[in-house]
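Take a look at the model below. This short report walks through its sheet, its packed helices and a patch on its surface.

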Amino acid sequence: MNVYEESLKLHEAHHGKLTVEPKVPCETAWDLSLAYTPGVAQPCLEIQKDPENAYRYTGKGNTVAVITDGTAVLGLGDIGPTAGLPVMEGKALLMKRFAGLDAWPICLDTKDPDEIVDIVKKLAPSFGAVNLEDISAPRCVYIERRLIEECSIPVFHDDQHGTAIAVLAALLNAMKVKKAEPKDMKVVISGAGAAGSSIIRMLYKSGFQKIYAFDKDGCLDPDDSENYDPLKKELLSFVNLDHQHYKNLAEGMKGADIFIGVSAPRLVSKEMIASMNPGAVVFPMANPEPEITYQEAKEAGAYIVGTGRSDFPNQVNNVLLRACRSQRQEALPPLSMRRTSPRITSSCPPSTSGSCPPWQRPSARRPCARASSESNRQHFDFVPLTPEGCPPGCFCGRKNSRSVLQ
């Protein structure tokens, strides 16, 4: 029985992967009087006085809405919201197991970006954060940016932000192993959608300057910009800066140092890996089937290989971000992604320049905000756990590392 058959058997046996467990006693009439009526009226009144009290008297600060429309589920494509439910349950499972977050899968039966934004905004009072998941590009970018501007809670798009963080952390480690500098590396990326576009931006900001991106139409080329959608046009500020005219992915991978795949299965052959420079770093991360398998890439001469699958060595996956949170449970706040909120008027510590790290907020259950004329601007601190140590503000005593994207 293979992994797919075993997984199907598991899902059928348990009817999904999630359940709800109460945190307070519910055995006696007095228990009910405290948890429900009449006692529950008092926290309601306190929250009515100050909505921030929701973080004090409810589980809001530790809850995440995992939201999809089912249009880009794993590498399976547009399979619909109901078919995407097992993946959303899986994401909620990871958040609970590795970060202690209570996450709820919400699969929306609409592909209208404005309708999705409207629904999420209406759901926001019930949650501490929103995790967008498996929404096709470029719609996902429009949805994410609107929600960041219009919601009062953190908005995180896992396919963009989470994947980019994990990839950068893996590449920083790979550069140490290779004793190489990012600026000298030729990077080829297959996939210029949600994940690929954010990976490109983050790598560029971290010193990787020779980046070439490919999608189903070929290499992103500044000379063809009039044919591109707005997302691709934005990427031209970071990719193919020397105006190469690669005919296909195979040609682009010749002499490359790094390959990153966030596209589709079986696009890369052993011959393409062999054409890369010695010491090649290969991250074929399409799911559930990668662009090339771990074993094939190693056989073709790749030095470092990592995929997005849990059953292959060197998994480069967003679950790593939650594992970091789990290992430093007392040091980090309840939510692993926070946004500054114009509703909160407290200032950041004087030592903070630019954005407010999420752990430097005035309350353990709410985000920090800095008073600024740019009250509608979004400030993220995406901080992977790297060999340099913990993020700024971590209290475990290890050497601090810096934020890699602000």
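## A pair of strands

Valine 64 stands opposite alanine 103, a residue of strand S2. The model is predicted, so read each position as part of a prediction.

## The whole sheet

What is the order of the four strands? It is S2-S1-S3-S4. The sheet is open, and its pairing is parallel. Strand S2 (102-107) and strand S4 (155-157) are the edge strands. Each of these two pairs on one side only. Neighbouring strands are turned against each other by 25° on average, direction ignored.

In general, strands of a sheet pair through backbone hydrogen bonds, and the pairing is either parallel or antiparallel.

## Helices on the sheet

Which strands does helix H5 touch? Helix H5, residues 85-99, packs on the sheet and touches S1, S2 and strand S3 (129-132). The direction of H5 makes about 165° with that of S2.

Helix H7 covers residues 139-150. H7 also packs on the sheet, touching S3 and S4. Its direction makes about 165° with that of S4.

## A nonpolar patch

Leu74, Leu76 and Ile79 form a nonpolar patch on the surface. Together they have about 240 Å² of accessible area.

Leucine 74 lies in the loop between S1 and H5.

Technical notes
Residues are numbered from 1 along each chain as its sequence is written. This is a predicted model: local features need pLDDT of at least 70, side-chain atom pairs count only at pLDDT 80 or more; totals for chains, interfaces and linings use all residues. Side-chain values use heavy atoms; hydrogens and water are left out. Two strands pair if DSSP finds at least two bridges between them. Axes are lines fitted to C-alpha atoms, for helices over the stretch in contact, and angles run from 0 to 180 degrees between N-to-C directions. Contact means heavy atoms within 4.5 Å. Patches are made of residues with over 30% relative accessible area and no salt bridge: like charges are joined within 9 Å, nonpolar side chains (Val, Leu, Ile, Met, Phe, Trp, Tyr) within 5 Å. Accessible areas come from the Shrake-Rupley method with a 1.4 Å probe; for residues, only the protein chains shown count as cover. A salt bridge is a side-chain nitrogen of Lys or Arg within 4 Å of a carboxyl oxygen of Asp or Glu.
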